[in-house]
Amino acid sequence: MKTVNLAEGLTVGRGSLLVPEAFQSTLIANISQALLSEREPPCLLRAPTGSGKTFMLSQCMQQIGQSPNANVIWLWFVPFSNLVMQTMDALKSTAPGLAPVLLTDGLNQEPQAGQALISTTQGVSRSMWRRADYDEGGSEEKLTLAQFKTRAKANQLRIGVVVDEAHIALDNATEFGRFVHWLAPDYLAMATATPKSDRINTFLHHSGRSSFESFNVSRDDVIEARLNKAYVQAVVYDLSAQIKQVADLKLTLLRQAWKRNQWLKNQLSDAGITNMTPLLLVQVANGAGTIEEAETLLIRHIGVSPHVIGKHSADEPNPTMMGAIANDPNIEVLIFKQSAGTGFDAPRAFVLASLKPVSDADFAMQFIGRVMRVAKPIREAFATAQDIPDNLNTAYVYLGDADAQAGFQAAVKTTMAVKSQLEGQVEKMQERATRSGARTFTNRPTPQGEISHNFPPSAPRNSDDQQRSTGQHSDTNTRHTEPTGTGPDTPPLSRQGGLDLIGGDDLDEVQSDNTPKRPSPHAAESWDEWVSHLNEHGISVYPLRRHFPEVPDALESEARPDALDMASLIVKVATRLPISNDDQQQAIRLACGKHRESERRIELTRPDSIEERKVSIALDRNALAREAAIQMAGLPMLEDDDRKNLINTLAKRLTPPIEQALLDSDGDADELDSAQVQRLARYAAHWVVCTHRAALEEGLWEEVAQHSKLVPSEPLPDGYLFPTEVGLNPSTKHLYGIMPPQKDVAGDIEQLLDYESRQFARNRHWTIGASVVRSILMDNDFFLNKDEKAFAEALDRADFVAWWFRNPDRKPFSVRLVRGEHRNNFYPDFVVCVSHLPGDNPLQRLVETKHDIKDIRNKSLHTPRKYGDVVFITKDKDRYHLVEKNGLLGEEVNFTRLDALYQKFQHTSP
């Protein structure tokens, strides 16, 4: 057997995550952008275990630290002490821009930007410290938290807080929230593996925050990146009262888990993956003797060699030691205690055998995560998640809970609890039966249908179950042997005289009930057959209604031009930039060294004696030029020559008033120094760039929008797909004949389809006979809020509407407009085909329903040539109004008739 000396200090690198996956890069950019926005909202990253939450948060910290004027010191909190050193190692290997240190050590160091002080949440959640304003327990050698915070502020540092594994770390949400409230961080980021927000909300309430912005990682993204296995199987042994008395559940569970591990070893070899040995994880209860008991079972009764067994027997978990054992290729079994069930990585682990009850959902999520990761050799062997064989893309969890099963009803409740926890971790699970009578809950497709959708306490057992309960088998090929001793050839009866549920070398596989396998939609040869096959997978098809008038094959969008004369464009923007007289005078005063500010003098011996006067403020013109360069670097599409052109154009505008200011200050001057005037004009131009950056950016985008071109979007899908389980109301005029569901009642469609069906639903192109069919799974972007649903129902009733279309956000077939003030595109909520006069051919118009008047004003800056003015509708005091381009409320819109909307369409006809 293998043991590791703690003094060796082995660490496990995590270099595989140094290059972000596509979804990770997107999240890193979006979270960083949100934290750096003016609102600085708390940000919550919801991501499955194994998706790289720590890595993504560390990259966000680095990006924030690299932004202008963002000198940040970070406090990183984790739920368990064994995660502290693991987090330090992870930050050292994946975030070179950060300097991780223990919080207890960092308090005695000089605060510096980029430091990351790591602690558990419990380490600072102390009411005694709070009552002392966190200025308790200090000494000459040790600073208090209050003293450290004062030093950080004195060093002009901003403070950021990161809460990793927040679903567990915020168990003490109230006290820790009060600490964060006192700390008043500038940035707050959290990561969680659960969609539940109760603890998050409690923590935010006590930390003085009202809400948070959520960034979610779908498990499909993690699967597609080959970071998580697609499937999970959990086996729970459901014993009758009679069998329970004679069964050795621990031996059965360990034997089956070991056989599964050896079977996977052969599967890897058959797949040509010879550089990896699968690892079996065995979790035992805390306390004395539990490690040794499991080891004895493996060696004496199952025949596992002692040399392939690694143990973590310490009561206090050590993730470095755990990682070293888990990554030793000579080790095939790792036995650890429940307390060490979190905080270590074992990517080559496929099978977990847990000899402990599973009662806490958060803890279950953690230990299931140990076997959900995909090892690097498998990622290297298979280019996509779909290429990985199902057997190697499955996590196997064996759960033994004999003590908790005090009767059939208790067993049912326990298995249902486990099913619920697994379903929360992945997606819809189904119950299967194995040859031993165990119940397996899995999301992996099998030929066997579901046993039952509910489990009554007195469910009858079939004849095979009765035979198993009495120790008899109807299979004539099964040989029975009486116990004669111990060792690798021990027969089914255990060392205590208990009956092994599975005898011999048989693998406890899922039984088949000869239920036909659901047909693949890819095999369909006609539209009707394709629809039928999808229906068998719980997916309904809603076809495009091409009989409506003027239905295009593809809608049209706007795109920015491929090339622009930036020199002339910049001259226009700089010339048209609104500069008020006050702003102009301030720029001139600063350039000429005439700017004055208040100076306060306080006599320290007499605090009530304050003298205040105006004094001239010297300007660091080099610093001003650097700041202007930083601001211009953020402007779109500008190269070095463009920035020079911008400064020169603004300087020309400011030259006459500067000349006049110089003449006024020196009435005797007959001639001005032209070089001095140009220099001062450039200083003033730098100041204008710094103070008018937003207006310059809007001006640039507005000019670009004026040169936008019309391009076709991708063809409209031939059919919308949606889970049959959610019934959709019909629509008389929607292009696909359905009323999209409301966002607050649609539920999580990820939970409505199993993994296999969801892959079909997400397929975009189908070859059916000689035709190519396009489809799209309706997701949240298609759903409606309450106001949008009321408007959609009104469109169905309007006589002047030929058809309408819910324009989903960021879909390749949607209508996309160029914004006149921003780099982002604009996807109006509705495309409405309108007859502007009775009998006329209908034209496509665009409608947006918004609550934010400011956003409406910005979006209306640009008018698309094809569609005419976008019509905006907003709600004010339970009434709907049109919104004018200046942002003022216009005429009321009655959703019963829509007369005002019709007139608006007529007045703004393209």
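This briefing describes salt bridges in the structure above. The model is predicted, so local features need pLDDT of at least 70 and side-chain atom pairs count only at pLDDT 80 or more, while totals for chains, interfaces and linings use all residues. Residues are numbered from 1 along each chain as its sequence is written, and side-chain values use heavy atoms, with hydrogens and water left out.

**Count and network**

- With a salt bridge taken as a side-chain nitrogen of Lys or Arg within 4 Å of a carboxyl oxygen of Asp or Glu, the count comes to 31 salt bridges.
- Glu40, Lys153, Arg158 and Asp186 are joined in a network of salt bridges.

**Pairs that link separate parts of the chain**

Helices (H or I, at least four residues) and strands (E, at least two) are DSSP runs, numbered from the N terminus.

- Glu110 and Arg151 form a salt bridge in which the closest N and O atoms are 3.5 Å apart; Glu110 lies in the loop between helix 4 (103–106) and strand 4 (115–120) and Arg151 in helix 6 (residues 145–154), so the pair ties together parts 41 residues apart in sequence.
- Between Glu175 and Arg130 the closest N and O atoms of the salt bridge are 2.7 Å apart, and because Glu175 lies in helix 8 (residues 173–183) and Arg130 in helix 5 (residues 127–131), this pair ties together parts 45 residues apart in sequence.
- Arg576 and Glu703 meet in a salt bridge of 2.5 Å, N to O, which links helix 20 (residues 566–576) with helix 25 (residues 693–706), the two residues being 127 apart.

**Accessibility of the partners**

Buried means under 20% relative accessible area, exposed over 50%, and partly exposed in between (1.4 Å probe, protein chains only).

- Glu110, at 41% relative accessibility, is partly exposed, and Arg151, at 36%, is partly exposed.
- Glu175 is buried at 10% relative accessibility, whereas Arg130 is partly exposed at 28%.
- Arg576 is exposed, with a relative accessible area of 56%, whereas Glu703 is buried at 8%.
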